[in-house]
Amino acid sequence: MPAFEQRGRSRLDMRYSSQTMASRSAGWAPHRAGGSAVYKLVRSSRLYEQIVQQIEESIVSGSLKPGDQLPAERELAQRFGVSRTAVREAVKALREKGLVEAYSGRGTFITDGTTQAVRQSLDLMVKIGQPEGSTHLAEVRAILEPEIAALAATRIQDSELTTMREAVTVMDRAGQDPDAYIEADLDFHLALAEGAANPLILSLLDSIVGLLREQRLRIFQVPGGPERGQVHHKRILEAVERHDAEGARRAMRAHLEQVREDSQSPGGKRPAGRQHAN
C-alpha cells in the first residue's frame with residue numbers, strides 16, 4: 001500500500017474550539033469526545049475541490065460543527081498533503097458557499113451554513129431600500145445588541161474578553177487608519193456576540209454588522225467620532241469584565257445612540273447643542 005494512502009487512513013480531527021485554544025498555546029488538539037473527521041491525502045490537478053468536498057462531508061456528518069475553528073493554513077496543508085495555495089483556494093470556496101467565515105487575527109470558523117444567505121438577503125434589502133435600509137438596520141442593532149451585551153456579561157469566556165481588549169487597543173492605536181479601526185470595531189462586537197454563547201445570536205449579528213461598514217467609515221470621518229466610540233467601547237468592556245449585565249446593557253445603548261447621532265451628522269459635523277461625556 002502506498003505510504004500516502006496509509007497516512008490518509010489515519011483519523012484527523014479538524015475541530016479547534018475556543019476551549020482548545022485556551023488550554024493549548026500552540027498547535028491544535030484532537031477532540032476525542034465525539035466523532036472525528038476522517039480525511040485522505042488528495043492527489044489531483046484540482047486539489048482544492050477535493051479539500052472542499054471532504055470538509056463539506058465533515059460538516060454534513062456533524063464531525064465539524066458551527067463554531068468549530070479550522071486549524072491554521074500551514075496545519076491544513078500538512079494534514080491534506082497539499083500546498084498552502086490549494087488550502088487557500090479551498091477556504092475561499094468554502095467562504096463563498098457560506099460554510100466558513102474568516103475573522104482577522106482570530107482564524108477561520110465553521111458557520112451554520114445560513115449566515116451567508118442571510119447576509120446576502122439583508123445586503124440586497126438595504127441596497128434596494130436606501131436610505132430607509134440603514135435606519136432599519138440601526139433599529140435591529142438597538143434591539144439586539146444591548147441584550148447581547150447583557151448576556152455576554154454573564155457568559156463570556158477569557159478568550160473572548162482577550163479579543164475585546166485587543167480590539168480596543170487596536171482602535172486606540174489606529175490613528176488615521178480607518179480600515180484598522182473598522183476591522184477592530186467589528187472584532188469587538190463579534191467577540192461580544194461570541195461571549196453570549198448562542199450560535200444563533202452570533203450568526204444574526206455577523207449578518208448585520210458587516211452591512212454597517214460604510215456607516216462606520218462615515219462615522220470615522222466625523223471629527224471626534226472615533227474617540228467618542230472608544231469611550232463607549234471601554235465602558236462596555238468594563239461592564240462585561242465586571243459581569244455587570246445591566247451595566248453592559250446601558251453602556252451598549254449609549255454607544256448605539258452615539259453611533260446614530262454621528263451617522264446622521266451632516267457634512268461630517270456634530271449636531272449643534274449635543275455633547276457626550278468623555
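The model is predicted.

Start with the overall picture. The protein chain has 278 residues, and 45% of them count as buried. It contains 13 helices and two strands. Now the contacts. Take those between residues at least 6 apart in sequence: 68% of them join residues at least 24 apart. The chain exposes about 14,700 Å². Carbon and sulfur atoms supply 52% of that area.

On to the helix pairs.

First up, α8 and α9. Helix α8 covers residues 158-173. Its axis and that of α9 are 8 Å apart, and the packing angle is about 160°. An angle over 145 degrees counts as roughly antiparallel, so α8 is roughly antiparallel to α9. The crossing of this pair is left-handed. Who makes the contact? From α8 we have Glu160, Thr163, Met164, Ala167, Val168, Val170 and Met171. From α9 the list includes Ala180, Tyr181, Ala184, Asp185, Phe188 and Leu192. By class, the contact of α8 with α9 holds eleven nonpolar, two polar and four charged residues.

Next, α9 and α12. Helix α9 runs over residues 178-195, and helix α12 over residues 225-241. Here the axes are 12 Å apart and the angle is about 25°. That makes α9 roughly parallel to α12. The crossing is left-handed. On the α9 side, the contact residues are Tyr181, Asp185, Phe188, His189 and Leu192. They meet Pro226, Gly229, Gln230, His233, Ile236, Leu237 and Val240 of α12. The class count for α9 with α12 is seven nonpolar, four polar and one charged.

Helix α13 spans residues 245-263. How are α12 and α13 oriented, roughly parallel or roughly antiparallel? The angle is about 165°, with axes 8 Å apart. The two helices are therefore roughly antiparallel to each other. Their crossing is left-handed. In α12, the residues in contact include Arg228, Gly229, His232, His233, Arg235 and Ile236. Among their partners in α13 are Gly247, Ala248, Ala251, Met252, His255 and Asp262. By class, the contact of α12 with α13 has seven nonpolar, seven polar and three charged residues.

Now the loops. Two residues have a positive phi without being glycine.

One is Ala197. Its phi is about 60°. Ala197 sits in the loop between α9 and α10, where α10 is 199-209. Is Ala197 buried or exposed? Its relative accessible area is 52%. The cut-off for exposed is over 50%, so Ala197 counts as exposed.

The other is His243. His243 also has a positive phi, about 60°. His243 lies in the loop between α12 and α13. With a relative accessible area of 46%, His243 is partly exposed.

Ala72 is in the loop between α3 (47-61) and α4 (73-80). Ala72 is partly exposed, at 46% relative accessible area. Along the chain, Ala72 and Thr108 are 36 residues apart.

Technical notes
Residues numbered from 1 in each chain as written. Predicted model: local features only at pLDDT ≥ 70, side-chain atom pairs only at ≥ 80, totals over all residues. Heavy atoms only, no water. Axes fitted to C-alpha atoms, helices over the stretch in contact; angles between N-to-C directions. Helix = DSSP H or I, 4+ residues; strand = E, 2+ residues; numbered from the N terminus. Parallel < 35°, antiparallel > 145°, perpendicular 65-115°, else oblique. Left-handed = near helix turned anticlockwise from the far one by under 90°. Contact = heavy atoms within 4.5 Å. Nonpolar A, V, L, I, M, F, W, Y, C, P; charged D, E, K, R; others polar. Buried < 20%, exposed > 50% of the residue type's maximum accessible area, 1.4 Å probe, protein only. Areas by Shrake-Rupley, 256 points an atom, 1.4 Å probe, with all protein chains shown as cover.
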